[in-house]
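The sequence and the model are shown first, and the description follows.

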Amino acid sequence: MESCCENVKAVRRSKEEKKLLRKQIKASHTLLKHEGISTVSQPTKSLVVANGGLGNGVSREQLQDVLGEVGEVEILVMPPHKPYALVTYRSEVSAQRGHALNGRQLQRGDQIVTLYLSYVNTVDSELWGCVDLPPGLVLVEEFVSPEEEALLLDAIDWTSHDEDVTVQKVLKHRRVKHFGYEFRYDNNNVDKDKPLPGGLPQVCVPVLERCVRDRHTEVMPDQLTVNQYQSGQGIPPHVDTHSAFEDLILSLSLGAKTVMDFRHPEGRSVAVVLPRRSLLVMKGESRYLWTHGITPRKFDVVPACDPKSPAAVTSDLSNHSNLTLSRRGTRTSLTFRKVRRTPCDCGYPSACDSQQPPAPPSPPFLPRSQTDACRLEAEFVHRVYEEIACHFSSTRHSPWPRVCHFLSSLEPGSILADVGCGNGKYLGVNPDVIAVGCDRSSALVQICSERGFQAFVSDALNVPLRSDTCDACISIAVIHHLSTQKRRQAVVEELARLLRPGGRALIYVWAVEQEYNKQKSKYLKETRQQGPTGDNTAQDLSGIATDAHNTAQDLSAIATDAHNTAQDLSGIATDCTKVHRETESPAKLSVHTNRTAFNSQDLLVPWHLKGGRRGGCNQGRGGDEQGEQGSKNTLDPPTEAQAPAPSPVFHRYYHVFQKGELEELCVRVRGVAIQRSYHDQGNWCVILKKTGDR
């Protein structure tokens with residue numbers, strides 16, 4: 001019986017050996033195919049270790065311990081971000097014992113890594129050569145003492161939010177403080193006329209004076225950006241805006257070391273280790289032409305410390321026989337710059353915003369705060385409707401049937417509030433009710449007045465009418481212009497406040513689903529370039545120009561691409577290869593192509609102003625009945641000597657609602673109940689009833 005068991009074990013070992021051999025051969029083929037490394041069958045002093053590289057999370061120290069068990073290692077090369085290593089033993093006998101480590105398993109965190117070793121002829125530690133630093137880049141190690149580092153870190157109070165002295169933000173990949181001047185990430189520049197009153201922290205003065213004394217700079221900086229990076233965080237590749245700051249940039253690394261990647265526009269890249277307490281000096285080509293960034297990852301490839309000299313630190317990553325992995329800690333960088341007062345005239349015009357023709361305005365970002373939301377709506381809703389009011393009104397002449405049905409159902413003498421009334425086309429639908437309208441656009445309110453309707457200027461978030469006084473409220477194509485969920489809900493709450501108990505409100509918003517129940521809305525079906533009818537809803541034909549023209553007007557920023565090199569284990573092998581400015585805010589709003597399906601919920605919709613008619617217009621009561629063609633006929637035709645001016649294009653912010661989103665918004669409001677919800681020609685609609693429970 002014992003003999004039988006021994007035979008089974010022998011067969012099992014044989015199968016395991018065959019399996020290991022197959023994996024070893026497969027690894028050799030992979031190395032040849034992807035890396036050009038040829039393995040050989042006869043024993044040599046050198047081996048390639050597949051699965052044993054920095055690129056798949058094996059540290060130099062860990063691999064060295066295993067390889068050193070069988071003999072003295074002469075050379076160990078671990079290329080950055082590669083999933084293999086190359087080793088040369090002092091003797092061929094030791095290399096043969098090293099080859100026997102084939103199949104050896106290493107514990108890497110929670111995972112097991114299996115090593116596959118094969119012979120190679122030679123290992124060239126100079127294979128990848130030396131890499132020079134970008135011109136103008138200087139790294140000064142140990143620039144501040146540990147005591148100075150502690151003082152500087154203590155001076156950055158992340159619990160303080162005193163914006164009279166500094167500006168503090170929590171960005172997507174890090175948190176940041178600005179001193180002296182706020183750096184604006186929406187336009188990658190500074191407002192040079194609005195310095196922060198606190199200036200630079202006093203604790204920084206001795207450090208800056210030393211920079212002047214050591215001739216790293218000739219002028220004292222007046223702007224400081226403090227970035228704090230947790231492990232795994234980084235910053236996209238970027239060039240600091242030429243027009244914002246002077247030539248010199250000083251960056252002090254505190255708390256932990258990291259690797260900063262520099263990339264030339266032609267593709268050459270250099271990885272530079274920034275040791276703790278080091279000073280990075282960027283000027284000339286390295287400042288103006290090369291991008292710099294920090295790849296988000298938890299481990300960096302860094303030079304291994306010499307055990308004979310633990311204090312020795314080097315930023316040179318070109319010596320691949322001395323690289324290992326370093327877990328990132330919390331790093332704080334202090335970047336000092338001098339605000340530029342004159343246009344930049346550097347020798348790199350291709351990268352200089354001061355020497356480039358003005359670029360088309362960049363689309364705004366989704367708001368993060370109440371201030372951002374107000375700014376976005378003021379620019380891309382309120383201002384736009386003031387500019388286009390006359391043309392907009394001329395395209396708004398046909399009340400929607402189901403809105404008319406709601407209005408006609410009201411009892412005679414009912415009090416109706418049209419919140420966001422536009423040109424007032426719903427105010428006269430039911431002459432038996434007392435109707436009053438309000439709109440944020442004074443130009444549209446003026447048109448209402450000229451048509452004999454009662455209307456006043458008011459924001460939908462704060463209507464100056466008494467609570468519990470209205471029998472009915474309507475909000476047609478208004479709420480989708482509010483840029484945050486909180487503000488959209490606040491409009492519904494304001495409608496509920498105005499209603500008396502038992503009163504009803506009708507709300508219309510644009511729908512993402514322009515094709516619903518197998519039927520396309522008129523917004524998608526319409527192909528002729530004609531004036532829109534109905535409200536500022538999905539029937540809005542504001543984009544009268546062709547899709548090709550809309551494409552030319554598209555202000556979308558070019559998206560940044562990222563390219564992963566080798567295996568991305570623990571985020572080690574990630575490398576950003578496409579140059580872009582830093583944008584740490586949320587995604588930019590895209591510009592919608594009119595008459596097409598929506599590809600996002602938050603977007604800008606173009607309005608092509610016909611005939612250059614801006615602001616209010618004295619059309620009289622019947623002016624909007626002309627439609628767009630009628631509005632064109634009121635203009636003087638151009639003479640032969642006059643060429644028609646191109647139509648201005650404005651962009652309005654919209655949040656288009658998904659199925660169920662409007663209902664979900666309404667149920668959050670206390671004191672109202674949804675009587676009915678439905679889809680009407682590319683719009684989501686609800687009828688609310690005030691219950692009185694608030």
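Two strands are said to pair if DSSP finds at least two bridges between them. In this model, which is predicted, strand 19 (residues 299-303) and strand 20 run antiparallel and are joined by five bridges. Within this pair, Val-301 stands opposite Leu-325 of strand 20. Strand 20 (residues 323-327) is mostly covered, with four of its five residues buried.

**The chain as a whole**

The protein chain contains 14 helices and 35 strands. Of its 694 residues, 49% are buried. Its accessible surface comes to about 32800 Å², and carbon and sulfur atoms account for 49% of that area. Among contacts between residues at least 6 apart in sequence, 74% join residues at least 24 apart.

An open sheet of four strands has the order 2-3-1-6, and its pairing is antiparallel. Strand 2 (73-77) and strand 6 (116-120) are the edge strands, each of which pairs on one side only. On average, neighbouring strands of this sheet are turned by 25 degrees against each other, direction ignored. Strand 1 (residues 46-50) pairs with strand 3 (residues 84-89) in the antiparallel sense over five bridges. Ala-50 has Tyr-84 in strand 3 as its bridge partner. Two helices that pack on the sheet are set out below.

| Helix | Strands touched | Angle between directions |
|---|---|---|
| Helix 2 (residues 60-67) | strand 1, strand 2, strand 3 and strand 6 | about 145 degrees with strand 2 |
| Helix 3 (residues 92-99) | strand 1, strand 3 and strand 6 | about 150 degrees with strand 6 |

**The nonpolar cores**

The largest nonpolar core has 29 residues. The residues with the most contacts inside this core are Cys-473, Ile-479, Val-492, Ile-507, Leu-662 and Leu-688. Two or more residues each come from strand 22 (415-419), strand 25 (470-476), helix 10 (485-498), strand 26 (499-510), helix 14 (661-667) and strand 35 (683-690). Helix 10 gives the most, with five residues.

Helix 10 has 14 residues and reaches 20 Å from its first C-alpha to its last, close to the 20 Å expected at 1.5 Å a residue. Its buried residues are Arg-487, Arg-488, Gln-489, Val-491, Val-492, Glu-494, Leu-495, Ala-496 and Leu-498. Leaving aside neighbours within four places in sequence, Val-492 is in contact with Ile-479, Ile-507, Leu-665, Cys-666, Val-669 and Leu-688.

A second, separate core has 26 residues, among them Tyr-385, Trp-510, Leu-524 and Leu-609.

**Phe-650**

Phe-650 lies in strand 33 (residues 649-655). Its relative accessible area is 6%. Phe-650 therefore counts as buried, because the term applies under 20% relative accessible area. From C-alpha to C-alpha, Phe-650 and Val-605 are 8.2 Å apart in space, although 45 residues separate them in sequence.

Conventions: Residues numbered from 1 in each chain as written. Predicted model: local features only at pLDDT ≥ 70, side-chain atom pairs only at ≥ 80, totals over all residues. Heavy atoms only, no water. Buried < 20%, exposed > 50% of the residue type's maximum accessible area, 1.4 Å probe, protein only. Core = buried A, V, L, I, M, F, W, Y, C linked by side-chain atoms within 4.5 Å. Contact = heavy atoms within 4.5 Å. Axes fitted to C-alpha atoms, helices over the stretch in contact; angles between N-to-C directions. Areas by Shrake-Rupley, 256 points an atom, 1.4 Å probe, with all protein chains shown as cover. Expected span 1.5 Å × (residues − 1).
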